[in-house]
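Hi,

Here's the model we talked about. Have a look at it first, and my notes follow below.

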Amino acid sequence: MATTTTRRAAISDDELLDALALMEHSDSVELKLTIPEGHQRSAVEALGLDPLETQVRLVHFYDTPDLALNRAGLVVRARRVQGRGDDTVVKLRPVVPHELPDELRESPSFVVEVDAIPGGFVCSGRLKCEAGSDTIRDVLLGERAVRKLYTKDQRALYRAHAPDGIELDDLAVLGPIFVLKLKGTPQGFARKLVVELWLFPDGGRVLELSTKCVPSEAFDTIAHARAFLAERGIRRVGQQATKTGRALEFFSRELRG
């Protein structure tokens, strides 16, 4: 089973074969690049997107203070979105698509996706549903139980993969974290490009560039994206950091402290 790699600039031939096998049975591929803090402003300026089109989001995670769900490959998330409906997600990571139950794969709300970063990849499956108005905020304020956020199917998926003895209502709120999202098609690039800036309470920032494609177009999209970013002076510098992983670790330390 493939897992995310963050310290190498390239993957081996065997890992490339694993990635191809995962893509073949996935619904989509998302290409991601994390920009170090010292290069973030220049990278955004180089893309030529209008910052006034940014959308505000608040992302909440639910886990134990020692991140027992994360260690088990389970991510439980809720998201409030400015000007749009809120949503909730139960995500499994990593997964092997052909090993998932047919009933789950056939659900229109369940998506299998390969995330590819420089030097690594991971395949995940997420069950996403809409959330009622103010329900996420009610949980944050302690006025509603965590389980009330999630549908029957999401709760069943959680029970099937959560560590024994950890119920949804046992989970702590990690966050929220303030997120700015900007989406557009930069001049010279044929696809939608997403810019997400995650702002941590201690002043830290994670800036991620991403674009999605169908699996059959993954390698062409990688080549075009690399060429486009290189033309604008945006290159991979330093280690790649995942938004979710860094957020979970930050809020875990905060809770335990």
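Just after H7, Gly-233 has a positive phi of about 75 degrees. Helices (H or I, at least four residues) and strands (E, at least two) are DSSP runs, numbered from the N terminus. Keep in mind that this is a predicted model, where local features need pLDDT of at least 70 and side-chain atom pairs count only at pLDDT 80 or more, while totals for chains, interfaces and linings use all residues. Residues are numbered from 1 along each chain as its sequence is written, and side-chain values use heavy atoms, with hydrogens and water left out.

Back to H7 itself. Its buried residues (under 20% relative accessible area, with exposed meaning over 50% and partly exposed in between; 1.4 Å probe, protein chains only) are Ala-218, Thr-221, Ala-225, Phe-228 and Leu-229. They sit on the same side of H7, because they cover an arc of only 95 degrees around the axis (taken from the directions from the helix axis to the C-beta atoms). Asp-220, His-224, Arg-226 and Glu-231 are exposed on the face turned away from that buried side. The cover over the buried residues includes helices H1 (13–24) and H2 (40–47) and strands S1 (28–35), S8 (193–199) and S9 (205–213) (contact means heavy atoms within 4.5 Å).

S1 is mostly covered too, with eight of its eight residues buried. Strands pair if DSSP finds at least two bridges between them. S1 runs parallel to S5 (residues 110–117), with four bridges, and Val-29 has Val-114 as its bridge partner there. Seven bridges join S1 to S9, and these two run antiparallel; Ile-35 is partnered by Leu-207 in S9.

Cheers
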